[in-house]
Amino acid sequence: MTGAGHTQVVVIGGGQAGLAAGYHLRRLGVDFVILDAQSTPGGAWQHAWDSLHLFSPAAYSSLPGRPMPVQAGQTYPDADHVVGYLTEYERRYDLPLHRPIRVTGVHRDGEFLRVETDSGVWRAQAVISATGTWWRPFMPAVPGRAEFRGRQLHTVEYRSPRDLAGQRVVVVGGGNSGAQIAADLAYETELTWVTQRPPRFLADDIDGRALFDAATARRRALDEGSTDTGGVASLGDIVAVPPVREARNAGLLKASPMFVRLDRDGVVWADGTRAPADTVIWCTGFRPALSHLAPLGLRGSRGHIATQGTRSIDEPRLHLLGYGDWTGPASATLIGVGRPARDAAREIAGLLDTRG
């Protein structure tokens with residue numbers, strides 16, 4: 001669906017954060033549209049690798065108003081199940097999705113914000129940016145990357161161990177993505193797993209439920225001026241979901257320290273040790289996808305947009321949702337995005353009321 005016009009609120013992004021925002025805006029009676037660059041529902045989940053599973057059971061992975069159904073035979077739902085859930089969610093609440101529409105820029109336009117897209121212009125009294133991070137993968141500037149003759153992938157490009165069977169593969173990254181992809185490849189490739197520091201596995205009985213509680217407690221402590229609890233980082237870096245646990249217990253997830261450079265044939269450590277590689281997979285994280293907000297001139301010297309809660313301090317008609325703890329505790333997760341989405345919708349509704 002395409003089009004353009006006037007509305008009270010434009011939500012940019014049709015993934016989990018955008019849908020959560022839509023749910024709360026609908027409950028408050030606000031007129032809004034959701035613009036999604038993807039041609040089908042599911043946000044970034046529809047582009048994930050084949051074996052990806054959530055860190056939490058379905059009951060702890062739900063958006064507001066609609067519990068995620070349990071997936072038969074799975075404690076931790078897979079990405080396809082999440083896509084199906086998000087598809088049903090937007091239908092259930094009849095959310096006004098317009099897709100595929102790519103937003104090219106958000107501009108100040110008098111009393112409105114002007115949202116320019118590849119299919120027209122929308123004017124709104126407020127904007128919620130909910131584009132996430134998947135679309136802006138980060139790859140570190142490691143010496144020799146351009147010299148390496150093999151294949152280099154980022155997390156977003158990895159799909160299945162079948163594609164790399166029999167190869168010498170270096171997986172870089174000590175977070176959840178790095179551990180899950182390393183575990184996925186441990187049986188069919190000659191694997192080298194490289195991490196910046198020794199991997200820290202959370203206790204086997206800890207999953208996303210505890211992570212959400214830890215992130216929430218940290219945010220509460222910071223808001224109250226109390227001692228920083230450390231949040232999720234205080235517990236560890238890697239959730240030991242069953243495939244990771246199995247590979248670790250089988251002795252297949254032994255991490256090497258970070259190398260210092262690549263050469264034509266592989267990776268090289270500081271002492272001259274080499275590991276030949278056919279493929280290097282960079283599980284090195286993401287940055288917020290915020291290029292559409294550049295015309296507003298809100299980024300500081302380090303590229304960060306200053307916010308109070310989800311609201312931009314320098315442009316109060318703009319809210320940012322789902323980019324991580326800086327826009328709400330665990331707001332980049334399914335269970336975590338509901339509360340900041342509710343708060344953003346309420347603030348916007350209050351702003352609209354004051355303007356009549």
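The legends below describe close-up views of salt bridges and strand pairing in a predicted model.

**View 1. Salt bridge between Arg 162 and Asp 50.** The closest N and O atoms of Arg 162 and Asp 50 lie 3.5 Å apart. Arg 162 counts as exposed because its relative accessibility, 61%, is over 50%. Asp 50, at 49%, counts as partly exposed. This is one of 14 salt bridges in the structure.

**View 2. Salt bridge between Glu 347 and Arg 311.** The N to O distance in this pair is 2.9 Å.

**View 3. Salt bridge between Arg 317 and Glu 315.** The closest N and O atoms are 2.9 Å apart. Arg 317 has a relative accessibility of 9% and counts as buried. Glu 315 also counts as buried, at 3%. Both residues qualify because their values fall under 20%.

**View 4. Salt-bridge network of Asp 109, Arg 114, Glu 116 and Arg 123.** These four residues are linked by salt bridges into a network. Side chains of opposite charge can pair when their charged atoms come close. Glu 116 also takes part in strand pairing, where Val 121 in strand 6 is its bridge partner.

**View 5. Strand 5 and strand 6 as a hairpin.** Two residues separate the strands of this hairpin. Strand 5 (residues 112–117) pairs with strand 6 in the antiparallel sense, over five bridges.

**View 6. Strand 6 with its parallel partners, strand 1 and strand 17.** Strand 1 (residues 5–12) runs parallel to strand 6 and is joined to it by seven bridges. Strand 17 (residues 318–320) pairs with strand 6 in the parallel sense over three bridges. Val 127 of strand 6 is the bridge partner of Val 10, and Val 127 also stands opposite Leu 318 in strand 17. Strand 6 (residues 120–129) is largely enclosed by the rest of the structure, because seven of its 10 residues are buried.

Definitions and conventions: Residues are numbered from 1 along each chain as its sequence is written. This is a predicted model: local features need pLDDT of at least 70, side-chain atom pairs count only at pLDDT 80 or more; totals for chains, interfaces and linings use all residues. Side-chain values use heavy atoms; hydrogens and water are left out. A salt bridge is a side-chain nitrogen of Lys or Arg within 4 Å of a carboxyl oxygen of Asp or Glu. Buried means under 20% relative accessible area, exposed over 50%, partly exposed in between (1.4 Å probe, protein chains only). Helices (H or I, at least four residues) and strands (E, at least two) are DSSP runs, numbered from the N terminus. Two strands pair if DSSP finds at least two bridges between them.
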